[in-house]
Amino acid sequence: MDATELLTLYERMALVRRTEKAAHDLFMSGLVKGTTHLAAGHEAIAVGASAALRDDDYVFATYRGHHHALARGATPEECLAELMSRATGLCRAKGGSMHLTKASRNMLGSYAIVGAHLPMAVGAAWSARLRGTGQLAVAFFGDGATNIGAFHEALNLAAVWKLPVLFVCENNLYMEYTPIADVTAVARPAADRAPAYGIPGEVVDGNDVVAVRETVGALAERARAGGGPAIVEAETYRHFGHSRADPAAYRPAEEVERWLKHDPLDLARGRLAELGVEEETVTAADERARDAVQKAVEAAKNAPPPDPREALTDVWADGGAAWRT
Amino acid sequence: MADVITYREAVAEGIAREMRRDPAVVCLGEDIGEAGGVFKTTVGLLKEFGPERVWDTPISEQAIVGAAMGAAMTGMRPVAEIMFSDFLACCWDYLANEIPKVRYMTGGQVTVPLVVRTANGGGLGFGAQHSQATENWALTVPGLKIAAPTTPADVIGMMAAAIRSDDPVVFFEHKGLLASKGAPPPPDHVVELGRAAVVREGADVTLVALASMVPVALEAAARLAEEGIDAEVVDLRSLIPLDTAAVLASLAKTSRLVTVEENPYQGGWGATVVSVVADEGFDLLDAPVRRIAGECVPLPFADVLEEQVIPTTQKVVAAVRGLAAY
């Protein structure tokens with residue numbers, strides 16, 4: 001990867017990190033209600049994988065999906081406005097943090113029932129094949145989803161139908177609050193299951209945006225050429241707890257320290273330095289990201305709340321919610 | 001086309017008509033291809049449309065309905081078969097949490113035009129896990145449309161409406177009606193969802209029924225006629241949209257209401273119908289409403305036991321007789 005592309009990816013990761021920090025601060029100040037599942041620490045997976053995809057490829061994400069929405073073209077302003085229940089939110093304030101969706105960019109949703117979206121990605125890949133578009137579908141999911149029935153049904157169907165779909169597991173070591181290793185029969189919860197379905201299962205450093213970009217790129221090319229589905233298990237770590245209510249006190253201090261030192265932004269900075277990019281250039285990218293998020297926070301704060309009548313729209317395709325004549 | 005068509009043939013014919021019309025319509029499900037479906041409701045589809053449009057799946061209900069959802073979100077109009085309606089429980093997350101909510105929770109960004117077809121109901125002695133009338137499960141979920149046709153012509157017309165619908169439709173094909181016969185409808189026959197049919201006109205009492213209970217209600221009406229009681233029979237045909245206007249209009253004529261449901265009394269669709277009537281049509285009533293419904297037990301195996309549980313003509317006649325005398 002050349003310096004220009006890496007710098008672009010770095011800036012996008014910085015934008016995700018800053019947005020997540022803003023979401024955290026807004027929650028703490030009472031402007032975001034409900035809960036948030038922040039993806040700070042996971043940036044390299046969303047950004048690296050997205051860089052390997054076409055703009056018209058389909059992406060499905062989980063309730064920890066801010067980074068995927070941002071990586072696929074949602075703006076910090078529309079994401080933060082959604083979290084703050086504003087009319088200008090990505091889903092017009094009807095989705096919230098767990099359901100960020102940008103359909104115009106084929107980011108087809110964030111789903112809060114663990115593992116439910118994996119068969120949907122299979123269906124999108126099936127549809128792409130039927131329509132002959134050459135599009136790919138990608139499902140991002142957590143390690144916890146690998147013990148859900150739908151995971152196995154999706155893998156089997158994708159494999160027997162040889163569909164262009166990639167399953168990208170963000171293994172952050174914890175299934176909500178419980179170490180995934182304590183509740184899973186194999187060491188690599190996603191990749192180790194791949195041979196059972198006769199498909200490739202690659203393990204990658206999920207904090208290294210270059211490695212993610214290359215691994216996903218190679219498997220995407222294979223899938224587009226008719227080679228069928230594959231699993232990527234990207235090892236990573238979340239900086240925050242599972243959700244806002246969770247201080248993550250169950251994690252050993254030395255483990256947290258070790259992973260924080262293996263930060264995706266620091267790793268990318270190191271690579272940029274190796275490629276001869278000057279520190280001021282990287283700092284300038286950081287500042288652009290910071291300014292963009294600051295502006296987004298202000299704009300979202302100033303946006304109006306949704307019209308209460310919106311509650312009774314959008315159940316049906318005609319825009320309404322009437323269930324009777 | 002033949003002079004008469006069976007209900008089961010009408011299912012395949014209804015799907016085929018839409019597949020001919022729209023290349024985006026594709027089918028998936030267990031044993032639907034070469035085998036023609038366990039109930040022979042997809043006979044001929046594989047032969048006419050080929051394996052790129054008729055897909056046999058593994059026994060994976062979550063993958064079937066989840067994949068149908070993903071395909072529907074991306075330009076296709078999938079028709080997914082869940083073999084027995086009891087098995088809807090195996091993919092209930094998709095029916096309850098994913099398919100009906102995605103449009104709403106994305107602020108209208110995503111639409112899911114799919115049909116989930118399934119064989120519903122009892123009467124054939126399949127035992128407790130293959131005999132339930134489950135349309136009420138779907139009725140509890142905002143965001144699903146629910147079709148349950150009674151006649152072959154309605155099967156074809158409502159299949160057209162369901163497949164053309166931009167909203168998700170759960171399409172209940174009643175197992176007890178599969179062998180029944182009727183006139184085939186003309187080309188491009190469409191029965192809009194949410195339009196009940198008055199299948200027998202009457203002046204004394206309104207019987208509101210659905211699917212297999214429509215013939216039961218009609219038979220009851222014929223017997224009641226012998227006693228001088230003139231029953232009107234309304235076939236709801238779809239539960240969502242619910243044609244409450246048709247029920248209220250019938251009630252304005254008859255002033256007496258009986259719902260005839262196969263599903264258990266608890267939480268049955270009849271409760272919704274009578275609650276609307278109590279809310280908005282109380283002045284139309286000259287007698288209490290009656291709900292004839294399934295007993296609140298799992299469906300037993302033996303015929304003699306099943307008959308104790310599912311409404312029969314005799315039970316309907318007895319209830320209406322009491323009401324007419326009120």
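A polar contact here is a pair of N or O atoms within 3.5 Å; within protein, one atom must be able to donate a hydrogen and the other to accept it, and residues adjacent in sequence count only if both atoms are side-chain atoms. Keep that in mind for the first stop.

Before clicking: this is a predicted model, where local features need pLDDT of at least 70, side-chain atom pairs count only at pLDDT 80 or more, and totals for chains, interfaces and linings use all residues. Residues are numbered from 1 along each chain as its sequence is written, chains are lettered from A and ligands numbered from 1 in the order in which they are written, and side-chain values use heavy atoms, with hydrogens and water left out.

**Stop 1: Thr62(A)**

Select Thr62(A), in strand 1 of chain A (helices, H or I with at least four residues, and strands, E with at least two, are DSSP runs numbered from the N terminus). Its side chain reaches the backbone nitrogen of Arg64(A) at 2.9 Å. With a relative accessible area of 12%, Thr62(A) is buried (under 20% relative accessible area; exposed is over 50%, partly exposed in between, with a 1.4 Å probe and protein chains only). Now show what is in contact with it (heavy atoms within 4.5 Å): leaving out residues up to four places away in sequence, Thr62(A) touches residues including Met98(A), Tyr111(A), His117(A) and Phe140(A).

**Stop 2: the A/B interface**

Colour by chain. The contact draws on 44 residues from chain A and 49 residues from chain B. Which three residues supply more of the area that chain A buries against chain B than any other three? Pick Trp126(A), Trp316(A) and Trp323(A), which supply 18% of that area. Between the two chains, about 3800 Å² is buried, 64% of it from carbon and sulfur atoms (buried area is the accessible area, with a 1.4 Å probe, that two parts lose on being put together, summed over both).

Polar contacts join 23 residue pairs between chain A and chain B, counting pairs with both residues at pLDDT 80 or more. On the side of chain A that touches chain B, highlight helix 5 (117–131) of chain A, one of the elements giving two or more residues there. Helix 5 of chain A gives the most, with 9 residues.

**Stop 3: a salt-bridge network**

Next, select Arg92(A), Lys94(A), Glu310(A), Asp314(A) and Arg103(B), which are linked in a network of salt bridges (a side-chain nitrogen of Lys or Arg within 4 Å of a carboxyl oxygen of Asp or Glu). Lys94(A) and Asp314(A) meet at 3.2 Å, N to O. Lys94(A) lies in the loop between helix 4 and strand 2 of chain A and Asp314(A) in the segment after helix 10 of chain A, so this pair ties together parts 220 residues apart in sequence. Are these two buried or exposed? Lys94(A) is buried, at 14%, and so is Asp314(A), at 5%.

Asp314(A) also forms a salt bridge with Arg103(B), at 3.7 Å, N to O. Across the interface of chain A and chain B there are 3 salt bridges, and over all chains the count comes to 39.

**Stop 4: helix 4 of chain A**

Stay in chain A and pick residues 76–83. Why call this helix largely enclosed by the rest of the structure? Because 7 of its 8 residues are buried. Among them are Glu78(A), Cys79(A) and Leu80(A). To see the cover, show helix 1 (3–28), helix 3 (66–71) and helix 10 (279–302) of chain A, which are included in it.

**Stop 5: the largest nonpolar core**

A nonpolar core is a set of buried Ala, Val, Leu, Ile, Met, Phe, Trp, Tyr and Cys residues joined through side-chain atoms within 4.5 Å. The largest has 123 residues, and Met69(B) is one of those touching the most other members. Helix 3 (residues 61–72) of chain B gives the most to this core, with 8 residues. Centre on Met69(B): beyond four places in sequence, its contacts include Tyr111(A), Met120(A) and Val112(B).

**Stop 6: Arg77(B)**

Finish in strand 4 (residues 77–84) of chain B, where Arg77(B) is found. Arg77(B) counts as buried at 17% relative accessibility. Its side chain is joined to that of Asp166(B) by a polar contact of 2.4 Å. The C-alpha atoms of Arg77(B) and Val26(B), 51 residues apart along the chain, are separated by 6.4 Å.
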